[in-house]
Amino acid sequence: IPVAEEAGIKMAMHPDDPPRPIFGLPRIVKNRDDLARLVKIVDSKANGITLCSGSLGADLCNNIPSLVREFGGQGRIHFGHLRNVKVEEDGTFYESTHNSCDGSLDMAEIVKAYHDVGFEGYVRPDHGRMIWGETGKPGYGLYDRALGAVYLNGLWEAVSKYAPAAAPAPQPA
């Protein structure tokens, strides 16, 4: 981190995906307390987070808008991964469209939280399903990510237009 600081680079740790043990192995960064511990390890603005709404949102105990407000307000979110997941009653989850109505996360509230803290970093519509006969690397469907980008841009425009405080648009990744 000191070297990153000198070079003007912002490091951004991605949380574990999913935020629960896999094959009996514990996860290290899976909730608010873990994120807080991470940024305190080296208390520097260069030491930050890639806040992934899908990874953290797979555990409904994680309040994503609250995390954005807390860590974004500290200037510790350097990269936002915006995706939605549908979490079933038994805790299993799958990636859904980015639309709030299709998953378990309120994407409009998440985007509003980024706006409210004046976020100026980079965001991307993380992950995408394979749709319309597309083939490729699972989880990185181009068409679904493009639809997500359009949806998220619409949310940002609406929040920017109707929210009391204006914030600059995040930079595309």
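The questions and answers below concern pockets, a surface patch and backbone geometry in a predicted model.

Biologist: Which residues line the second largest pocket, and what is the volume of that pocket?

Modeller: The lining includes Lys10 and a run of residues from the list, Val117, Gly118, Phe119, Glu120, Gly121 and Tyr122. Gly72, Gly75, Ile77 and His78 also belong to the lining. The volume of this second largest pocket is about 210 Å³.

Biologist: Is Gly75 buried, partly exposed or exposed?

Modeller: Gly75 sits in the loop between helix 4 (64-73) and strand 3 (77-82). Buried requires under 20% relative accessible area and exposed over 50%. Gly75 has 33% relative accessibility, so the class is partly exposed.

Biologist: What is the class make-up of the lining of the largest cavity?

Modeller: One cavity of 30 Å³ or more is counted, and the largest cavity has a volume of about 40 Å³. Arg83, Asn84, Glu95, Ser96, His98, Asp126, His127, Gly128 and Asp144 line the largest cavity. Asp, Glu and Arg count as charged. The lining has no nonpolar, five polar and four charged residues.

Biologist: Is His127 buried or exposed, and what is its phi?

Modeller: His127 lies in the loop between strand 6 and helix 6 and is one of the residues lining the largest cavity. The relative accessibility of His127 is 15%, so the residue counts as buried. Most residues other than glycine have a negative phi. For His127 the value is positive, near 65°.

Biologist: Which residues form the nonpolar patch that includes Trp132, and what is their accessible area together?

Modeller: Trp132 is in the loop between strand 6 (122-125) and helix 6 (142-162), and its phi is also a positive value, near 55°. With a relative accessible area of 65%, Trp132 is exposed. A patch residue needs over 30%. Trp132, Leu142, Tyr143 and Leu147 form the patch, with accessible area together of about 470 Å².

Biologist: Is the peptide bond from Asp17 to Pro18 cis or trans?

Modeller: Pro18 lies in the loop between strand 1 (11-13) and helix 2 (32-41). Most peptide bonds are trans. The bond from Asp17 to Pro18 has omega near 0°, and is cis.

Terms used: Residues are numbered from 1 along each chain as its sequence is written. This is a predicted model: local features need pLDDT of at least 70, side-chain atom pairs count only at pLDDT 80 or more; totals for chains, interfaces and linings use all residues. Side-chain values use heavy atoms; hydrogens and water are left out. On a 1 Å grid over the protein atoms alone, a cavity is a set of points where a 1.4 Å probe fits but cannot get out, and a pocket is an open set with protein on both sides within 12 Å along at least five of seven lines; lining residues have an atom within 4 Å of a point. Grid points are joined across faces, edges and corners, and a volume is the space filled by probe spheres set on the points. Helices (H or I, at least four residues) and strands (E, at least two) are DSSP runs, numbered from the N terminus. Buried means under 20% relative accessible area, exposed over 50%, partly exposed in between (1.4 Å probe, protein chains only). Patches are made of residues with over 30% relative accessible area and no salt bridge: like charges are joined within 9 Å, nonpolar side chains (Val, Leu, Ile, Met, Phe, Trp, Tyr) within 5 Å. Accessible areas come from the Shrake-Rupley method with a 1.4 Å probe; for residues, only the protein chains shown count as cover. A salt bridge is a side-chain nitrogen of Lys or Arg within 4 Å of a carboxyl oxygen of Asp or Glu.
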